[in-house]
Amino acid sequence: MNDFPCLLVRGICGYAGSHKNKVWQPYAKEVLSLIPTEVRATEAAGGLSNYHIPFSLKGVPVGKFANRPQDTEALRGTLIPKKQDKRRRILVVQGFGGAGKTQLAAGFSRRHQHSFSSVLWLDGSSESSLKRSITAFASRIPAGQVEDSSRMYASGQGGDADAVVKEVLRWLSIPDNSDWLVVVDNVDRDYRGCEEDTEAYDLEEPWEVKKVDQERARAIFKTWYGKEVVAGTARWPPLALTQAAAYMSETSMSFGT
């Protein structure tokens, strides 16, 4: 129930241990047999992705929050994944302290959790807290998708925090792992004054995208083209690969052409 939207129906024969019997079971089955059923395909990424991680906002404050349709729609319209559109979507939520930015983001995450394969809630109040959030998330990534040392780091078994951060970012960059949501909360420091504030940081710096190798280039191209490709793709930037592959897929043009 935590991972897939469903309704659990309890039979009347087991509503309490002291009254458990099967006398009413045939009647319950008869009632259920008269209820029309419908099976529909879902757009939710959480139940379908190999990179699905059970939803959790442990540690995120839960308070009373009045719904703000305009703000909620801004988040939904920008961040909800769209079919055939794998581009990264970014929305900066800014405002004075206490305006409800955190609760707005938390409410969106809880309401739309099934639209994403995983949700990462990161504490961006400082560079060190951001790294701690990322390394803590590493332990929740399924085995075999990141190094075991990265998954075990949060349990206090030693290791290099920076290496764990890089491993998580590599996991987020896997071509077919593209349905995640990352929330960076409490980004209040101005990195332009980092000489005075050692905990200030440039949010874009940890997310630097470097040139991909041959294997990654092929994977990017295959994701958009749908077929295996020959060598020689690594010299092109990822954006060029995605645009070319999407165009070739749309026009049925061959790789040779």
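**Ground rules.** I worked on a predicted model, where local features need pLDDT of at least 70 and side-chain atom pairs count only at pLDDT 80 or more, while totals for chains, interfaces and linings use all residues. Residues are numbered from 1 along each chain as its sequence is written, and side-chain values use heavy atoms, with hydrogens and water left out.

**Salt bridges.** I looked for salt bridges (a side-chain nitrogen of Lys or Arg within 4 Å of a carboxyl oxygen of Asp or Glu) and found three in the structure. I began with Lys131 and Asp162, whose side chains meet at 2.8 Å, N to O. Lys131 lies in helix H4 and Asp162 in helix H6, so this pair ties together parts that are 31 residues apart in sequence. For helices I took DSSP runs of H or I with at least four residues, for strands runs of E with at least two, both numbered from the N terminus. I then checked accessibility, calling a residue buried under 20% relative accessible area, exposed over 50% and partly exposed in between (1.4 Å probe, protein chains only). Lys131 is partly exposed at 28%, and Asp162 is also partly exposed, at 36%.

Next I noted Arg76 and Glu73, with their closest N and O atoms 2.8 Å apart. These two are three residues apart in helix H2 and therefore separated by about one helical turn. Arg76 is partly exposed at 35% relative accessibility, and Glu73 is partly exposed at 39%.

I also recorded the salt bridge between Arg170 and Glu167, at 3.2 Å from N to O. Their spacing of three residues in helix H6 is again about one helical turn. Here I found Arg170 partly exposed at 29%, whereas Glu167 counts as buried at 14%.

**Aromatic pairs.** I searched the whole structure for ring pairs and found three. Rings of Phe, Tyr and Trp (its six-membered ring) pair if their centres lie within 6.5 Å, and planes under 30 degrees apart count as stacked, over 60 as edge-to-face and the rest as tilted. Tyr51 and Trp171 make an edge-to-face pair, 6.2 Å centre to centre with 70° between the planes. Because Tyr51 sits in the loop between helix H1 (25-33) and H2, and Trp171 in helix H6 (residues 161-172), the pair ties together parts that are 120 residues apart in sequence. I found Tyr51 buried at 12% and Trp171 buried at 0% relative accessibility. Tyr51, Phe137 and Trp171 form one aromatic cluster.

**A loop residue.** I placed Ile90 in the loop between helix H2 (69-79) and helix H3 (101-111), where Ile90 is exposed with a relative accessible area of 58%. Ile90 and Val182 are 92 residues apart in sequence and 9.5 Å apart in space, C-alpha to C-alpha.

**Second largest pocket.** I took a pocket as an open set of points on a 1 Å grid over the protein atoms alone, where a 1.4 Å probe fits, with protein on both sides within 12 Å along at least five of seven lines; lining residues have an atom within 4 Å of a point. The second largest pocket is lined by 18 residues, with Lys58, Val60, Trp121, Leu122 and Ser133 nearest its centre. Strand S1 (119-123) and helix H4 (127-138) are the elements that give two or more residues to this lining, and the largest share, five residues, comes from S1.
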